[in-house]
Amino acid sequence: ATPTAVMVATGKGATQGVLIKGGNALEKAHKVKTVVFDKTGTLTVGKPTVVSAVLFSNYSMEEFCTMATAAEANSEHPIAKSIVEHAKRFLKKFGSTEHVVEAKDFEVHTGAGVSGRVGDKMVLVGNKRLMRDYNVLVGPEVEQYVSENEKLARTCVLVAIDGKVAGSFAVTDPVKPEAARVISYLHSMGISTIMVTGDNWATAEAIGREVGIDKVFAETNPMGKADRIKELQMKGLTVAMVGDGINDSPALAAADVGMAIGAGTDVAIEAADIVLMKSNLEDVVTAIDLSRKTMSRIR
Ligand code: ADP
Ligand code: MG
């Protein structure tokens with residue numbers, strides 16, 4: 001496109017809250033054949049809430065909540081925030097005098113959870129992969145609880161204290177109201193859709209069905225997300241990636257057109273070519289449309 005056409009289209013995008021960082025992204029977007037979406041915070045609202053907490057040990061709910069909160073206190077992950085909020089509410093309701101402590105030796109395990117030391121206890125909060133990495137046994141009772149919840153599109157966060165699963169928080173994160181509509185609109189434009197997520201297969205597939213997405217890849221770490229993009233590109237497809245998290249930034253950078261959710265993390269916004277300022281998925285269509293119109297006008 002001519003510099004003028006690019007300038008006009010970029011300006012038009014900006015007024016609609018679609019920030020296009022350069023002519024290159026605008027010129028590529030009309031060729032997009034596949035749109036890859038992250039799940040948490042992209043297809044879903046990204047504000048998970050704890051819907052139940054169960055114990056698989058002799059700790060009291062009060063002790064359990066205190067330790068989980070301590071471990072999650074310094075995590076930026078939305079799941080961590082939901083656990084801290086739930087636990088604080090629980091502790092307050094039962095008039096607990098224990099105040100929230102912060103874990104020592106706090107560590108983030110991207111796409112898996114967190115670990116830390118609370119008093120003399122080693123606390124892990126995260127998914128089954130985290131448990132496996134620390135050789136924590138996930139018994140049949142826990143397995144069953146987890147799989148029942150995953151079929152309901154809930155994510156189960158396991159809490160291990162001193163190497164044993166002490167309990168779990170079941171978390172739900174509703175899909176965005178426009179998600180299914182946007183997916184079906186993209187299909188009508190001849191564009192296929194894929195979800196890549198760090199979350200587990202059962203939850204991811206339940207969400208995928210809810211929004212009508214073509215394909216799901218779950219239990220994928222940040223580099224794995226980027227690899228999925230590269231695989232599609234090797235088939236000769238022009239690929240767009242839509243994401244919000246630090247964990248999406250390698251994939252956003254690898255994609256032909258990286259689109260960041262405006263409400264997402266700074267790292268994702270930096271890695272992307274286009275920023276959807278309103279955080280509304282409909283603007284994925286707005287961006288592709290704008291490119292299609294710009295490119296057809298000059299041809
Ligand atoms: P997504 O790709 O869907 O944005 P992430 O890669 O951030 O998800 O995380 C993948 C999974 O790892 C989560 O669904 C959760 O089970 C677990 N996880 C990651 N961080 C945390 C945390 N701070 N606390 C508990 N669980 C976590
Ligand atoms: Mg995300």
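Helices (H or I, at least four residues) and strands (E, at least two) are DSSP runs, numbered from the N terminus. By that numbering, D105 is found in strand β4, residues 104-109. The model is predicted.

- D38 and D244 link distant parts of the chain, 206 residues apart. D38 is in strand β2 (residues 34-38), while D244 is in the loop between β11 (239-243) and α11 (249-254).
- Both of these aspartates, D38 and D244, are buried.

**Salt bridges**

- D38 also meets K225 in a salt bridge, at 3.0 Å from N to O. The bridge joins strand β2 to helix α10 (residues 222-234), across 187 residues.
- D38 has 3% relative accessibility, so it counts as buried. K225, at 1%, is buried too.
- K128 and E143 form another salt bridge, with the closest N and O atoms 3.0 Å apart. K128 lies in helix α6 (residues 128-133) and E143 in helix α7, so the bridge ties together parts 15 residues apart in sequence.
- D283 bridges to K278, with the closest N and O atoms 3.7 Å apart. D283 is buried at 5% relative accessibility, whereas K278 is exposed at 53%.
- Salt bridges with shared partners join D38, K225 and D248 into one network.

**A buried glutamate without a salt bridge**

- E178 sits in the loop between β8 (164-172) and α8 (179-188).
- E178 is buried but has no salt bridge. K176 is the nearest side chain of opposite charge, 5.1 Å away. The cut-off for a salt bridge is 4 Å.
- A polar atom of the E178 side chain lies 2.9 Å from the backbone nitrogen of L281.

**Aromatic rings**

- F90 and F94 form a tilted pair, 4.6 Å centre to centre with 35° between the planes. F94 is exposed, with a relative accessible area of 53%.
- R228 places its charged end over the ring of F217, 4.5 Å from the ring centre.

**Positive phi outside glycine**

- D105 has phi near 55°, a positive value in a residue other than glycine. This strand β4 residue is exposed, with a relative accessible area of 58%.
- A153 is a non-glycine residue with positive phi, near 65°. A153 lies in the loop between α7 and β7 (155-161). A153 is buried, with a relative accessible area of 13%.

Methods:
Residues are numbered from 1 along each chain as its sequence is written. Chains are lettered from A and ligands numbered from 1 in the order in which they are written. This is a predicted model: local features need pLDDT of at least 70, side-chain atom pairs count only at pLDDT 80 or more; totals for chains, interfaces and linings use all residues. Side-chain values use heavy atoms; hydrogens and water are left out. Buried means under 20% relative accessible area, exposed over 50%, partly exposed in between (1.4 Å probe, protein chains only). Rings of Phe, Tyr and Trp (its six-membered ring) pair if their centres lie within 6.5 Å; planes under 30 degrees apart count as stacked, over 60 as edge-to-face and the rest as tilted. A charge sits over a ring if NZ of Lys or CZ of Arg is within 6 Å of the ring centre and within 35 degrees of the ring normal. Lys and Arg count as positive and Asp and Glu as negative; His and the chain ends are not counted. A polar contact is a pair of N or O atoms within 3.5 Å; within protein, one must be able to donate a hydrogen and the other to accept it, and residues adjacent in sequence count only if both atoms are side-chain atoms.
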